[in-house]
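Here are a few notes from my look through this one. Have the structure open while you read them.

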Amino acid sequence: MAGALAASVASIGLGWRPSIATADPGDTFVALGSSQLIQSEDLSAIQVTLDTATVTLNRDEDFSGCLGEGNPWTAVLPGAKKPFTAAWTSRKNKNVALYESVAQAETPAQAKAYAKTLLDSGIRGCQGSSSPWDFHYGKTSSSPVGSGTATWALSYRGSETRASGGAIVFSKGTNFGIIEVTGTWGPAGQTMESIAKVAVGRLN
């Protein structure tokens, strides 16, 4: 994911104008924009020391983590719109990063279905000894955040017992996404929960 993200660079704060999908009658629909990605002030508030952002719009990124390279967004999520993606890195610590991908579905029900696919393929497919990679995810935790929800799990390398990051799947309304974190800040579980709540809170 990180390599593809470098293709298009923009400031997190810029207001982009993506095309507006069709919502079901009665839905409250707000166009997805870069302001709905995690912002620098969000990271500062939860003491995550990342300071450099790369934003890519509507690019069919390969996944890293459990889904692995060679599995782009539209292949894992047939029919889904291409996501807004952001990579947060640190100039001081090359071992920590946060990668976020957010997209908009046609309806809230479709957003939840896409989020379930991301959760099943992107986290549960690499839990425990069944992981095909040199890392695995621990147990999942979930939390409602307003009208949205987030589920996350810590990741561990080999037989290590200290978390080396994690993944978060979340949805709210017609929007949904996934975050992959490398490295940790303070208590890993608390950090992942804080990032998850911030991510959902940013969605309309």
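Which residue in β5 is the bridge partner of serine 142?

1. Threonine 151 is the one: that is where serine 142 finds its bridge partner in β5. Keep in mind that this is a predicted model.

2. If you want a spot to check by eye, look at leucine 154, which sits opposite glycine 166 in β6.

3. Strand β5 (residues 148-157) has eight of its 10 residues buried, so the rest of the structure largely encloses this strand.

4. Now the cysteines. There is one disulfide in the structure, made by cysteine 66 and cysteine 126, with 2.2 Å between the sulfur atoms. The link is right-handed, with 90° about the S-S bond. Cysteine 66 is in the loop between β1 (52-57) and α3 (73-76), while cysteine 126 is in the loop between α4 (108-122) and β4 (135-145), so the pair ties together parts 60 residues apart in sequence.

5. Are these two cysteines buried or exposed? Cysteine 66 has 10% relative accessibility, so it counts as buried. Cysteine 126, at 0% relative accessibility, counts as buried too.

Methods: Residues are numbered from 1 along each chain as its sequence is written. This is a predicted model: local features need pLDDT of at least 70, side-chain atom pairs count only at pLDDT 80 or more; totals for chains, interfaces and linings use all residues. Side-chain values use heavy atoms; hydrogens and water are left out. A disulfide is a pair of cysteine sulfur atoms within 2.5 Å. Helices (H or I, at least four residues) and strands (E, at least two) are DSSP runs, numbered from the N terminus. Buried means under 20% relative accessible area, exposed over 50%, partly exposed in between (1.4 Å probe, protein chains only). Two strands pair if DSSP finds at least two bridges between them.
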